[in-house]
Amino acid sequence: MGIIEEVNEQIFPNLEQRPQYLLGIISHGVYRVGPFSIVHAGAGTIAMAIIPRNIEEIKPASAPSALYLLRTLTRSPVLAAVGFSPTDLLQLQLEKLAVNAIINPLTALYNCVNGGLLRQPSVSRVMRLLLAEISLVIKSLPELQGVPNLSVRFDIRRLEGEVIGIATKTAVNRSSTLEDVRRGGPTEMEYLTGYIVRRGEQVGLQCVMNYMMKHLVLAKEKMRRERRQRLLPIDKDDVD
């Protein structure tokens, strides 16, 4: 979360030159075999929406090319794509974010598969503290004010049930953040927990638990990367 805002700020600050984005959430199983080479490993669905160039527009107009692409993708049986309004897609994104902002950093810190977080009383307490902040931030977002049943959909207990359900279903899987830390690469923490912290600051909330969690993972990421660099064999001739 927050990638579009970053792209707009760094590449398309001029609203008149800004493209229209087609944003989606994909549940298809895929894996990469090389640059721009992806294998479709399992059927899923795609939830998509055309995102307005300016989020403050009351009735944003969609570009003909964006509408054509949306219609084309939703007509493909293999993709199982469905179009949503920007507000509905945002809620789907935030539900997924709430789950990932718990499972990803915790599995990275504890170095365990997703199912390792289950039936651990201490982990459950940490999870609830993080979700309390996440729930409050989401329910305070200005772009969601007036949405029916917002408080119910993002209630702490419901979000906790979602986390437990996903962790149970993917019990033997390793989160992407854990994989990133293990290989010494950069993580997505700035777009997971970091997004919660930033949006919290925008609405006047200090997410101290999520702030701490973000920096715990970032510190582990940095230490793991430095350790791998120390272990790399160095050719003496190259140094000279």
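Across which strands does helix H2 lie, and at what angle does helix H2 run to S4? The points below take this up.

1. Basis. This is a predicted model, in which local features need pLDDT of at least 70, side-chain atom pairs count only at pLDDT 80 or more, and totals for chains, interfaces and linings use all residues. Residues are numbered from 1 along each chain as its sequence is written, and side-chain values use heavy atoms, with hydrogens and water left out.

2. Sheet. Three strands make an open sheet of mixed pairing, ordered S1-S4-S5. Strands (E, at least two residues) and helices (H or I, at least four) are DSSP runs numbered from the N terminus; two strands pair if DSSP finds at least two bridges between them. At the edges are S1 (21-26) and S5 (81-83), each pairing on one side only. Six bridges join S1 to S4 (residues 46-51) in the antiparallel sense, and Tyr21 stands opposite Ile51 in S4.

3. Helices on the sheet. H2 (residues 64-74) lies across S1, S4 and S5 and runs at about 170° to S4. H3 (residues 86-110) lies across S1 and S4, at about 40° to S1. Axes are lines fitted to C-alpha atoms, for helices over the stretch in contact (heavy atoms within 4.5 Å); angles run from 0 to 180 degrees between N-to-C directions.

4. H3 and H8. The axes of H3 and H8 (residues 193-202) come within 9 Å and cross at roughly 120°. H3 is therefore oblique to H8, oblique being what remains after under 35 degrees (roughly parallel), over 145 (roughly antiparallel) and 65 to 115 (roughly perpendicular). Leu94, Leu97, Ala101 and Pro105 in H3 meet Thr193, Tyr195 and Ile196 in H8.
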